[in-house]
Amino acid sequence: MKTRNKYTIRIVPAIRTGAALGLAIFATTALQAQVTPPPSSTPPVATDNGNPPNGEKISHRAKEFLKDAAQANQMEISLGDIALEKSQNKDVRDLAQTLRTDHQMNFSQLQPLARGYGVELDASLSMMNKHTVSHLQKANDADFDKEYTTAMIKDHVACIKSFDKAVADVQEQDIRQYAQNTLPTLRGHLMKAEKAARAAGVDQDKISSLLKELPSSEAERGVTLNR
C-alpha cells in the first residue's frame, strides 16, 4: 500500500509539469498567430527580367501608353509651375493650379500600376517636351497666357484621343480601367482650358480649329463648352 502511494505521488508532479508545458506551447503558438502580419496587398513587384511575378507580360501597346501617360502628367505639372510663376490672369492661374494638382495625383496612381508590370516610368521630360517648356519659359509676359492656354487645349485634345484609344485597344483590363477613370478629368481640364483661353484673349477661330482634332463622338458627349 505504501509503495503504491509513493508511485502516485511521483506521477502527479510529472502530469502537472506536462500540462504546464503544453499550455506554454499553446500560448506561444497563439501569440505568434496574433503578431504574424497578414499577406501584403501591395502591387506585385517586377522580377529581374522586368516581368511581374506571375510571368504575365505587358503588351507593347499598353507599355507605350503608360509611358505616354507619364510624359503627359509630367508635362502638365512642369507647365503649371511656369504658369503659376508668370501669369497674372486669374482664370489662367486657376487652370494651372488645377492641372498641376490633378496631374500630380494621376501620376501617383500611374506609378504603381506601371511598376506592377515591370515598366519603369521616366521622371524626366522627353526632348520634345523639354523644348516646349523652354519655349514657354522664354515667352514674353504679354504673350504667355495665350501661348499657355493654347498649349493646354492642344495637349488635352491629344490626351483625350490617346486615352480613348487605350480604352478601345489595350488588352490589360486594369490599364484600360485607369484610362477610363482618367478621361472625365481630362475632359474637365479641356473645358477649363477653353475658358481660360477666352479670358486670355485667344481668338475663337483658333480654339475651334484645335477642337476639331477631337473624335467626332466627343461633341456628342458635351465635352467642350458651347461655342
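**Overall layout**

Modeller: From the N terminus on, the protein chain's elements run α-α-α-α-α-α-α-α. Helices here are DSSP runs of H or I with at least four residues, strands are runs of E with at least two, and both are numbered from the N terminus. This is a predicted model, where local features need pLDDT of at least 70 and side-chain atom pairs count only at pLDDT 80 or more, while totals for chains, interfaces and linings use all residues. Residues are numbered from 1 along each chain as its sequence is written, and side-chain values use heavy atoms, with hydrogens and water left out.

Colleague: How many helices and strands are in the protein chain?

Modeller: The protein chain has eight helices and zero strands.

Colleague: And what share of the residues is buried?

Modeller: Buried residues are 36% of the 227 in the protein chain. Buried means under 20% relative accessible area, exposed over 50%, and partly exposed in between (1.4 Å probe, protein chains only).

Colleague: OK, helix packing. At what angle do H2 and H4 pack?

Modeller: Helix H2 (residues 60–86) and helix H4 (residues 127–138) pack at about 10°, with axes 10 Å apart. That makes H2 roughly parallel to H4 (under 35 degrees; over 145 is roughly antiparallel, 65 to 115 roughly perpendicular, the rest oblique). The axes are lines fitted to C-alpha atoms, for helices over the stretch in contact, and angles run from 0 to 180 degrees between N-to-C directions.

Colleague: Which residues in H2 meet H4?

Modeller: On the H2 side, Gln71, Met75, Ser78, Leu79, Ile82 and Lys86. They meet Asn129, Thr132, Val133, Leu136, Gln137 and Lys138 in H4. Contact means heavy atoms within 4.5 Å.

Colleague: Switching topic: how many aromatic pairs are there?

Modeller: Four. Rings of Phe, Tyr and Trp (its six-membered ring) pair if their centres lie within 6.5 Å; planes under 30 degrees apart are stacked, over 60 edge-to-face, the rest tilted. Phe144 and Tyr148 have ring centres 5.7 Å apart and planes at 5°, so that pair is stacked. Both lie in helix H5 (residues 141–169), four residues apart, about one turn of the helix.

Colleague: Is Phe144 buried or exposed? What about Tyr148?

Modeller: Phe144 is buried, at 1% relative accessible area, and Tyr148 is buried too, at 0%.

Colleague: How are the rings of Phe163 and Tyr178 arranged?

Modeller: That pair is tilted, 5.9 Å centre to centre with 50° between the planes. Phe163 lies in H5 and Tyr178 in helix H6 (residues 173–200), so the pair ties together parts 15 residues apart in sequence. Phe65, Phe163 and Tyr178 form one aromatic cluster.
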